[in-house]
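Please study the sequence and the structure below before reading on. The paragraphs that follow treat chain A and chain B in turn.

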Amino acid sequence: MTALADSTSFVDFQQVSLAYDDSGNAIEDISLSIGEGEFVAFVGPSGCGKSTFMKLCTGLHAPTGGSVKVDGVEVGGPLKICGMAFQSANLLPWRTTLDNVLLPLEIVKPYRSQFRQRRAEFVGWARDLLRTVGLEGYEDQYPWQLSGGMQQRASICRALIHRPRLLMLDEPFGALDAFTREELWCVLRDLWEAQRFTVVLVTHDLREAAFLADTVYVMSRRPGRIIERREIDLPRPRDLAVTYEKPFIDMVQELRNLIGDIRSA
Amino acid sequence: MTKRDKLIERLAPWVAVLALVVIWEVTVRLLQVPEFIFPSASATAQALVTFAGPIGMHSWQTLWTTMAGFALGVAVGLALGFIIGSSRFLYHACYPLLVGFNAIPKVAFVPILVVWFGIGSVPAILTAFLICFFPIVVNVATGLATLEPEMEDVLRVLGARRMDVLLKVGLPRSLPYFFASLKIAITLAFVGTVVSETVASNQGIGYLMMSAGSQMRMALVFAGLIVISAMAMVMYELFAILEKRMTGWAHRGQR
């Protein structure tokens, strides 16, 4: 997928820094470019500003230095073409799974004004999406009737319902058990293979990053800088079995050592 | 749980009431307490029947003034809670003020209200209002102010305005807090009304108890107490049922 990274960049950071207050920069001098349809992962020790990076990318926060461009335009406010999902699924307990997934369409333009007339159509989108992540038959259940993994699937559906071009995931599988996590990797992989939106995945899990991403960025401790850019050239589509083979394990090991060096530095 | 266990659980509160009445009756009789000091349960019951007419009239007065004050409290409490809870700045600015206001014994307001509005229903309604709106404000404001930041990010990135977030997430989320506060507020509203009636009214259960007390007719005073407590209990249960219906999703553990 390296070819995609070479195409004109979709997300473009030029020497970006951000300081929340006087205590110094949370991230510093970050320059990178992400191609449209690329799957990138950010790894690093905790507190390295990975989540800050997400906020900058989605326009929820403005940088204090440098420039952030998405799709060729300087980011000046929240970007509607983004969908977000976090470690906690954050579904609304008074809405059914289906209504939770539909929530963004009630808010984002231009769908919000069409929501009543096109509701049946939108429900169709939501059902399709829920089916592809394996939640068929759970549409009318409430979130608290679902397991943690299922909630996270629904949360990803919610992030994708308005067909964003950029999907931001902040440790989305961090709170799940190992088996569910690997299952959801495959769900995300299949969604991405089918729709080819751009994904920015923030994670602590090196195997997760290496398995899913085209490019892995390793960040340093606060103030976060990018200290390594590693292209993962494993062939697509990747099967979970890949993760038990030597090249993959070696790559993860290398990344692990890098992070180990940062932590001990 | 078997059917029998359920039945026992249902009967338990009634048995407890009955036991209390029996203990009351037996103690008063054994110790031969004179009726003008502590009337027996049977004397109180008798007063309830004998004075059913006037008690009914006065309780109606208490009930409607309480409900009027309560309704006012809900309206103002909701509005104020919404405003304070939706802005961090206002939350911090107004919270100490509210706490300070709440610390004033509401009975202290009654003389002021009498000067302003004369004696009668108005001070009773306003005292009920003053005493019951605080828990509503605090609960609604807290429900709104404790929104998960991530949920807010998810919506803000979609271009949600502050009002969208409040209406779609904040308000439904604070409903359980709101209904929980209604149960507290309704009982407090009764306290407010009765306090005001004892000081500044010639109607209502509070007035009835005051005047009966001054004539040493303690059985009637106790009858008044029981009527108030019964009314408050009924209203409390009513709001408890309403709460379960409206916010069942928040009580899933008990299903």
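Contact, in the sense used here, means that heavy atoms lie within 4.5 Å of one another. The model shown is a predicted one.

With that term in hand, consider helix α2 of chain A, which comprises residues 50-58.

In chain A, six strands form an open sheet in the order β6-β7-β8-β3-β9-β10, and their pairing is mixed. The edges are taken by β6 (82-85) and β10 (226-231) of chain A; each has a single partner strand, so one side of each is left without a neighbour in the sheet. From one strand to the next, the twist averages 15°.

Strand β9 of chain A, residues 215-219, runs antiparallel to β10(A), and five bridges join the two. Within this region, Tyr217(A) stands opposite Arg229(A), a residue of β10(A).

Attention now turns to chain B. For this chain, UniProt, in an unreviewed entry, lists the feature "transmembrane region" at residues 12-31, 63-85, 97-119, 125-147, 177-196 and 216-242. Two of these spans may be described in the model. Residues 12-31 of chain B are 100% helix and 0% strand, and the end C-alpha atoms of this span lie 28 Å apart. Residues 125-147 of chain B are 91% helix and 0% strand, with end C-alpha atoms 34 Å apart.

How do two helices of chain B pack, and at what angle? Helix α5 (residues 109-117) and helix α6 (residues 121-145) of chain B meet at an angle of about 140°, and their axes are 9 Å apart. That angle makes α5(B) oblique to α6(B). The crossing of α5(B) and α6(B) is right-handed. On the α5(B) side, the contact is made by Phe109(B), Val110(B), Leu113(B), Val114(B) and Phe117(B); α6(B) contributes Val122(B), Pro123(B), Leu126(B), Thr127(B) and Leu130(B).

Is Lys183(B) buried or exposed? Its relative accessible area is 17%, and a residue under 20% counts as buried, so Lys183(B) is buried. Apart from its neighbours within four places in sequence, Lys183(B) is in contact with Tyr236(B), Phe239(B), Ala240(B) and Glu243(B). By comparison, Met151(B) is 32 residues away along the chain, and its C-alpha atom is separated from that of Lys183(B) by 29 Å.

Notes. Residues are numbered from 1 along each chain as its sequence is written. Chains are lettered from A and ligands numbered from 1 in the order in which they are written. This is a predicted model: local features need pLDDT of at least 70, side-chain atom pairs count only at pLDDT 80 or more; totals for chains, interfaces and linings use all residues. Side-chain values use heavy atoms; hydrogens and water are left out. Two strands pair if DSSP finds at least two bridges between them. Helices (H or I, at least four residues) and strands (E, at least two) are DSSP runs, numbered from the N terminus. Axes are lines fitted to C-alpha atoms, for helices over the stretch in contact, and angles run from 0 to 180 degrees between N-to-C directions. Buried means under 20% relative accessible area, exposed over 50%, partly exposed in between (1.4 Å probe, protein chains only). UniProt positions are given in the numbering used here, feature names are shortened, and annotations may be inferred rather than shown by experiment. Angles under 35 degrees count as roughly parallel, over 145 as roughly antiparallel, 65 to 115 as roughly perpendicular and the rest as oblique. A crossing is left-handed if the near helix is turned anticlockwise from the far one by less than a right angle, and right-handed if clockwise.
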